[in-house]
Amino acid sequence: MRKKLLQGFSLIEMLIVIGILGLLAVALLVTINPIAQIQKSNDAQRKNDLAQFKRALDLYYNDNGRYPVSSVDFKIVISGSSIEWGGSWLPYMNKIPKDPVGGHVYQYYAPATANGQTYYLYANLERGAKDPQSCNSGNVCTSISSGGAGFPAANSCGGTCNYAITSPNVNP
């Protein structure tokens, strides 16, 4: 009977094993940093979305000799109607991209003074300064801060507008 009692693990041994497994799990989470990975994924999606939108704008320019105008709420305007982010813009895009995170929005601005020859696309990169492609070390893009009247506000992207794609004749 005594031999049967000595075959299992003691409570102390079980607690030690659980403690070690817990420490390993915490170390793994710190190494992987899932929140940073999600932010990196969202930022990659934003860059891809704006690159696709840029290609559609270039096609539109080739067909019309100018870029489309922007609305007062920084959306694209075609034939007098503002197209919502996520809406259709045929034949150039089946669906205009929409920011992957709720509360964040893309901004399209085409200055009226540029006669359809200039546009700016802005987004908020969640990783900010950690992303080497962000404007101005993760701060607001220079074009917004020095652009003056008509440009989107520095935080109108759902956070700091710190990423931009522009027409070839201007800098973000």
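The legends below describe close-up views of a predicted model.

**Figure 1**
Helix α2 covers residues 11-32. Its 22 residues reach 32 Å from the first C-alpha to the last, close to the 32 Å expected at 1.5 Å a residue. The number of buried residues among the 22 of α2 is 0, so the helix lies largely in the open.

**Figure 1. A nonpolar patch on the surface.**
The patch is formed by I12, I16, V17, I20, L21 and L24. Together these residues have about 590 Å² of accessible area. L24 is found in helix α2 and is exposed, because its relative accessible area is 54%, where exposed means over 50%. An α-helix has 3.6 residues a turn, so residues three or four places apart point the same way.

Helix α3 runs over residues 34-64. At 1.5 Å a residue, its 31 residues should span 45 Å, and the end C-alpha atoms are 45 Å apart, which agrees. The buried residues of α3 are N42, D43, R46, K47, D49, L50, F53, A56, L57 and Y60. These buried residues pack against four strands: β2 (76-78), β4 (107-109), β5 (120-123) and β6 (163-166). Just after the helix, G65 takes a positive phi of about 75°.

N42 has its place in helix α3. Its relative accessibility is 15%, and it therefore counts as buried, the limit for buried being under 20%. Which residues does N42 contact, leaving aside its neighbours within four places in sequence? With those neighbours set aside, N42 is in contact with P100, V101 and E126.

**Figure 2. The salt bridge of K47 and D131.**
The structure holds 8 salt bridges, and one of them is formed by K47 with D131. The closest N and O atoms of K47 and D131 are 2.7 Å apart. This pair links distant parts of the chain, with K47 in helix α3 and D131 in the loop between β5 and α4 (142-147), 84 residues apart. Are K47 and D131 buried or exposed? Both K47 and D131 are buried. Side chains of opposite charge can pair when their charged atoms come close.

The side chains of K75 and D73 meet in a salt bridge, at 3.2 Å from N to O. K75 also forms a salt bridge with E84, where the closest N and O atoms are 2.9 Å apart. K75 is buried, because its relative accessible area is 12%. D73 is partly exposed, with a relative accessible area of 39%, and E84 is partly exposed, with a value of 47%.

**Figure 3. The disulfide of C135 and C141.**
How many disulfides does the structure hold? The structure holds 2 disulfides, and one of them joins C135 to C141, with an S to S distance of 2.1 Å. The link of C135 and C141 is right-handed, with 75° about the S-S bond. C135 has a relative accessibility of 11% and therefore counts as buried. C141 also counts as buried, with a relative accessibility of 0%. A disulfide is a covalent bond between the sulfur atoms of two cysteines.

C157 and C161 form a disulfide in which the sulfur atoms are 2.1 Å apart. The torsion about the S-S bond of C157 and C161 is about 105°, so this disulfide is right-handed. Both cysteines, C157 and C161, are buried. When the bonded cysteines of the protein chain are numbered in sequence order, the pairing is 1-2, 3-4.

Note on methods
Residues are numbered from 1 along each chain as its sequence is written. This is a predicted model: local features need pLDDT of at least 70, side-chain atom pairs count only at pLDDT 80 or more; totals for chains, interfaces and linings use all residues. Side-chain values use heavy atoms; hydrogens and water are left out. Helices (H or I, at least four residues) and strands (E, at least two) are DSSP runs, numbered from the N terminus. Buried means under 20% relative accessible area, exposed over 50%, partly exposed in between (1.4 Å probe, protein chains only). Contact means heavy atoms within 4.5 Å. A disulfide is a pair of cysteine sulfur atoms within 2.5 Å. The expected span of a helix is 1.5 Å times one less than its number of residues. Patches are made of residues with over 30% relative accessible area and no salt bridge: like charges are joined within 9 Å, nonpolar side chains (Val, Leu, Ile, Met, Phe, Trp, Tyr) within 5 Å. Accessible areas come from the Shrake-Rupley method with a 1.4 Å probe; for residues, only the protein chains shown count as cover. A salt bridge is a side-chain nitrogen of Lys or Arg within 4 Å of a carboxyl oxygen of Asp or Glu.
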